[in-house]
Amino acid sequence: MTTQPADRTPIRSAADVNLTDWDFWARPIAEREHAFRLLRDLEVPAFYAEPELSFAPAGPGYHALVRHADIVEVSRNPEVFCSGDGGATNIVDMPAEFVEYFGSMISMDDPRHARLRRIVSRAFTPRMIKQFEADVEAAAVRIVDELLAKGPGCDFVAEVAARLPLKIICDMMGIPERDYGFVFDRSNIILGASDPEYVSDPEAIATALLTAGMDLQQLVQDLAAHRTENPTGDLTSSLVNANIDGERLTAQELGSFFILLVVAGNETTRNAISYGMRLLTLNPEQRRLWTEDFAGRTPGAVEEIVRLASPVNYMRRKVTRDHEMNGHLYRQGEKVVLYYWSANRDESVFTDPLQFDILRDPNPHLGFGGPGPHFCLGAHLARREISVMFRELLTRVPRIEAGEPEILFSSFINGTKHMTCTF
């Protein structure tokens, strides 16, 4: 496995594209955008063999859904396109021991999915998020204070983008500051296991993933045991003591939910902020538009950042019964992979889709997932964090610019590992 193939074949047609090949995900973003445009032009979705992993057998293959309309329809039909049979975050069916640690809500179907979401969703309503506003603002102020004190040349990802969502998620759960680095490192491994920076030996990926999952689950279960007897106002206390219509989270469910929370709520928001800073650097006219009316244009700017960042490249579904969609028949047992990143660049939905336009309206992007039961539970919080972080940056460090990003080597996450900044 390498992030720099020595001899890439130019992509001239859809036949040159193989989304399963690791070489594809090492290509520059512009080449990937070109490849997905070619795939969107196909009359029938491309079909690929599944990845070969040392810890999971390859299955029969998958249909690559790259158009906005297909992904919206799949998302609205969870009875036909299920998430729980083998997991939604991997193309291959994952072994049972992986599902134990990573079997969160996004890899479940109703009624179990509905039960868990009903228990945890009360912490993520707009009213509840409003209670965290002061914490988000105070954290963003402190981050920019320390950025100004350190001066230019720092790693924007580590020093700015990663810190805000990490602190907010940990504070919500009641994780002490001394454990922030522990959580940060484990979440990097879970989402970046294919990148040699985080797991140097490809044969050790399974062990690294399981170890990171066990570490995070143990951390929150230890905290939960304490909060059961000594509750506070944090989310862990609420979850372990919640009794909604007689339902409670089990210890395993709490651990899996915490992994989902720190991975989805930390890594994805971090990558949206990093990607947004790079977009503003490359598009100074959009920065000027935003700063001219920051409050009025922030909602549109945040949605446009999330659209182009598309932090999660894909989710997988399995077909539960024969189903015709947009003129193509999908058979029971087949797999479909929903490429949100491609859907958010679909020319049939977005005018000039590669253009960063904070005034874009409407903007029906799928950066928080498609419509339906698996739409991102933390979308309100993510939007708030991105808004506040850029308010502090653009008002207090108006000339900040991002350097060339170092991209995470991953087919699942559109991530930025490192990126210098100057101001």
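Me: What stands opposite R317?

Reply: R317 stands opposite V336 in β7. The model is predicted, so local features need pLDDT of at least 70 and side-chain atom pairs pLDDT 80 or more, while totals for chains, interfaces and linings use all residues. Residues are numbered from 1 along each chain as its sequence is written, and side-chain values use heavy atoms, without hydrogens and water.

Me: How many bridges join β4 to β7, and which way do they run?

Reply: Five bridges join strand β4 (residues 314–319) to β7, and the two run antiparallel. Strands here are DSSP runs of E with at least two residues, helices are runs of H or I with at least four, and both are numbered from the N terminus. Two strands pair if DSSP finds at least two bridges between them.

Me: What is the strand order in the sheet?

Reply: β1-β2-β7-β4-β3, an open sheet of five strands with mixed pairing. The edge strands are β1 and β3 (81–82), each pairing on one side only.

Me: Which helix packs on the sheet?

Reply: Helix α2 (residues 68–75) packs on the sheet and touches β2, β3, β4 and β7. Its direction makes about 120 degrees with that of β7. Contact means heavy atoms within 4.5 Å. Axes are lines fitted to C-alpha atoms, for helices over the stretch in contact, and angles run from 0 to 180 degrees between N-to-C directions.

Me: Back to β2. What does β2 pair with?

Reply: β2 pairs with strand β1 (residues 47–48) in the antiparallel sense over two bridges, and four bridges join β2 to β7, in parallel. Y62 stands opposite K335 in β7, and Y48 stands opposite Y62.

Me: Are the faces of β2 covered or open?

Reply: Both faces of β2 (residues 62–65) are covered: Y62 and A64 are buried on one side, H63 and L65 on the other. Buried means under 20% relative accessible area, exposed over 50%, partly exposed in between (1.4 Å probe, protein chains only). In a regular strand the side chains alternate between the two faces of the sheet.

Me: New topic, rings. How many aromatic pairs are there?

Reply: The structure holds 14 aromatic pairs. In one of them, F24 and W25 have ring centres 5.0 Å apart and planes at 90 degrees, so the pair is edge-to-face. Rings of Phe, Tyr and Trp (its six-membered ring) pair with centres within 6.5 Å; planes under 30 degrees apart count as stacked, over 60 as edge-to-face and the rest as tilted.

Me: Are F24 and W25 buried or exposed?

Reply: F24 is buried, at 3% relative accessible area, and W25 is buried at 3% too.

Me: What about F36 and Y339?

Reply: F36 and Y339 form a tilted pair, 5.5 Å centre to centre with 50 degrees between the planes. F36 lies in helix α1 (residues 29–40) and Y339 in strand β7 (residues 335–339), 303 residues apart. F36 and Y339 are buried.

Me: Which residues make up the aromatic cluster?

Reply: F24, W25, F36, Y314, Y339, W341 and F412 form one cluster.

Me: Last one, cysteines. How many disulfides?

Reply: Zero disulfides, taking a disulfide as a pair of cysteine sulfur atoms within 2.5 Å.
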